[in-house]
Amino acid sequence: MEILQNSVNFLLSLGAAIFVPIIIIIAGLLVKMKFKDAVSAGITLGVAFTGMSMLINFMTTAITPAAEAMAKTIGVSLPITDGGWTTMSTISWSWPLAFVMFPLVVGINILMLIFNQSQTFNADLWNVWGKIFTAVAVHYITGSVLLAFLFAGVQTVFELKAADFHQHRVEQMSGIPGVTITHRMIFLAAPMYPLDWLLRKIPALNRSFNAADLRAKVGIFAENHVLGFILGVLFGVLARFSIADTLLLGVEAAAALTLFPVISKYFMQALEPISNAISEYMQKRFEGRQLWVGLDWPFLGGANEIWLAVIWTVPVTLGFAFILPGNEILPFAGIINIAIAVAAYFASKGNIIRMLIQCTVFAPVFLWVGTAFAPIMTKLAKETNAIALQPGQLISNSSIDAPIFTYSFSHLAQIVNGQFLPLAVFLVWFVCFIFYSRSLIRERKADLETVKN
C-alpha cells in the first residue's frame with residue numbers, strides 16, 4: 001500500500017504538464033500508435049499545457065495588482081484570504097487517504113467503458129484532486145471515510161456523463177475531433193441553461209455573436225491585441241495607476257490575448273493524432289462505438305470569447321465582493337475565474353453577450369460558496385499543515401469550480417442535522433443538469449441527421 005501511495009504521489013507531483021502527456025503517450029501505445037508519433041503527441045501536449053499555464057500566470061500577475069489597488073481605493077476590508085485553486089489542491093493532496101482516489105477514479109472509468117455507460121476515456125487524471133476535495137469536505141462534515149469515497153465516486157460518474165453529453169458541442173466549438181472536457185467546471189453550465197433559454201427568447205440575443213461576429217462589426221477594435229490593450233488600460237485607469245503602469249498593463253493584456261490562440265493550436269496538433277488513433281482502434285474492436293479523450297479545459301484556450309468573459313468578470317466580481325450581503329472573501333488569487341467563463345461559453349454556445357450576462361448573474365455564487373467553505377478549508381489547512389496561516393486567519397477560494405454542485409453535493413450529509421438547504425440546492429442543480437443534458441443530446445442527434453441528409 002505504501003509503495004502504491006508513493007508511486008501515485010510521485011507521478012502527480014510532476015504536475016499536469018508532465019503527468020497528462022505520460023497518460024496520453026501510454027494511451028497512444030495501447031491503441032497501436034507508432035512510438036515516435038505517440039511520444040511526439042505527448043510532448044506537444046506538454047508544451048501546450050506549459051504555455052497555457054505560463055500565460056495564465058502572466059495574466060494573473062498583471063491583473064491582480066490592479067484588483068488590489070481597486071480594493072484599497074474603495075477601502076473595503078474582508079476577513080477571508082483568497083488562496084485560489086492551488087490552496088484547495090494543496091489541502092486535498094495533504095489528506096492521508098488522497099492516494100486511494102487515483103485507483104478509484106480509474107476503476108470507475110474502466111467499468112463505465114466496459115459496460116458501455118460512457119464513451120469517455122479520462123486522460124485528465126491529474127485533476128483527480130477535485131474528487132479528493134469533495135471527499136475531504138464530506139469526511140469533515142460526516143466523519144465517515146466510506147461516505148467520503150462514495151460521494152467522490154458519484155461525482156466521477158457525473159463528470160464522465162457530462163463529458164459524454166458535451167462532446168459534440170466541444171468538438172463543434174473547439175474544432176478538435178474526438179475530445180471532450182472532463183473537468184467539473186462544466187457542471188455550472190447546467191443551472192446556466194434555464195437563464196440562457198430565457199435570453200434566447202429575446203430576438204436580439206438569439207443569434208450568432210461570437211468573437212468573429214464582433215470583429216466583423218467593429219473591425220480592428222475587436223482584434224485580440226487591440227481589445228486586450230483597451231481592456232488593460234481600462235483596468236489601469238480604474239486602479240488609478242500611473243500613465244506608465246496603465247500603458248504597461250494594456251500591453252501585457254494585449255500580449256496575453258494575442259498569445260492564447262497561438263498556444264491553443266498546439267493542443268489541436270497534439271490531440272488530433274491520438275484522437276484518430278483511439279477512434280480507429282475502437283472501430284476495429286467495438287463496431288459502432290466511439291471513444292473520446294477527456295481533458296482539462298486548456299485546450300479551449302483559443303476561444304477569445306472565454307478570455308473576454310474572464311476579463312469582464314474581474315471588475316464584476318470585485319464589485320459584488322464589496323456590496324454582496326453574506327460575502328466575506330476578497331477575491332485575489334482566484335480573480336482570473338476560468339470556471340465561470342468556460343461554463344458560460346458552453347451554455348451560451350459562444351454568444352458573447354449572453355456569456356457576459358451569465359457571468360454577471362452567477363459571479364455572486366462563487367463568492368457565497370467561497371465564504372461557506374472558509375471554515376472547512378481553514379480547519380483542514382491547520383490539521384494537515386498544508387498551508388501556513390496566521391492566528392485567526394481564514395482561507396478559501398473565490399473561484400471554486402462548479403460552486404453550486406460543489407457546495408450542495410459535499411454538504412448533502414448535513415440533512416441528518418436538519419439542514420435541508422444543500423439538498424434543495426442539489427435537487428435544483430440536478431433538474432437543470434437533466435434538462436441541459438437532454439438539450440445537448442438533441443443537438444447532437446439533429447446535427448448528425450443533417451449530415452446524413
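**Notes on the core and the surface patch**

1. Let's start with Leu-259, which is partly exposed, with a relative accessible area of 41%. You'll find Leu-259 in helix H11. Keep in mind as you look around that this is a predicted model.

2. Together with Ile-43, Val-47, Val-262 and Tyr-266, Leu-259 forms a nonpolar patch on the surface, and the accessible area of the five together is about 420 Å². Two elements give two or more residues to this patch: helix H3 (35–74) and helix H11 (243–285). H11 provides the largest share, three residues.

3. Now for the inside. Which residues touch the most other members of the largest nonpolar core? They are Ile-181, Phe-267, Phe-299, Trp-307 and Val-342, out of 143 residues in that core. As for helices, H14 (residues 352–384) contributes the largest share of the core, with 16 residues.

4. Skip its neighbours within four places in sequence, and Val-342 is in contact with Ile-181, Met-185, Ile-186, Trp-297, Leu-300 and Ile-306. Notice Ile-181 in that list: like Val-342, Ile-181 is among the core residues that touch the most other members.

5. Last stop, helix H8 (residues 189–199). Its buried residues are Ala-189, Ala-190, Pro-191, Met-192, Tyr-193, Asp-196 and Leu-199. What covers them? The cover includes helix H7 (145–174), helix H13 (338–347), H14, helix H15 (403–410) and helix H16 (421–452).

Technical notes:
Residues are numbered from 1 along each chain as its sequence is written. This is a predicted model: local features need pLDDT of at least 70, side-chain atom pairs count only at pLDDT 80 or more; totals for chains, interfaces and linings use all residues. Side-chain values use heavy atoms; hydrogens and water are left out. A nonpolar core is a set of buried Ala, Val, Leu, Ile, Met, Phe, Trp, Tyr and Cys residues joined through side-chain atoms within 4.5 Å. Buried means under 20% relative accessible area, exposed over 50%, partly exposed in between (1.4 Å probe, protein chains only). Helices (H or I, at least four residues) and strands (E, at least two) are DSSP runs, numbered from the N terminus. Contact means heavy atoms within 4.5 Å. Patches are made of residues with over 30% relative accessible area and no salt bridge: like charges are joined within 9 Å, nonpolar side chains (Val, Leu, Ile, Met, Phe, Trp, Tyr) within 5 Å. Accessible areas come from the Shrake-Rupley method with a 1.4 Å probe; for residues, only the protein chains shown count as cover. A salt bridge is a side-chain nitrogen of Lys or Arg within 4 Å of a carboxyl oxygen of Asp or Glu.
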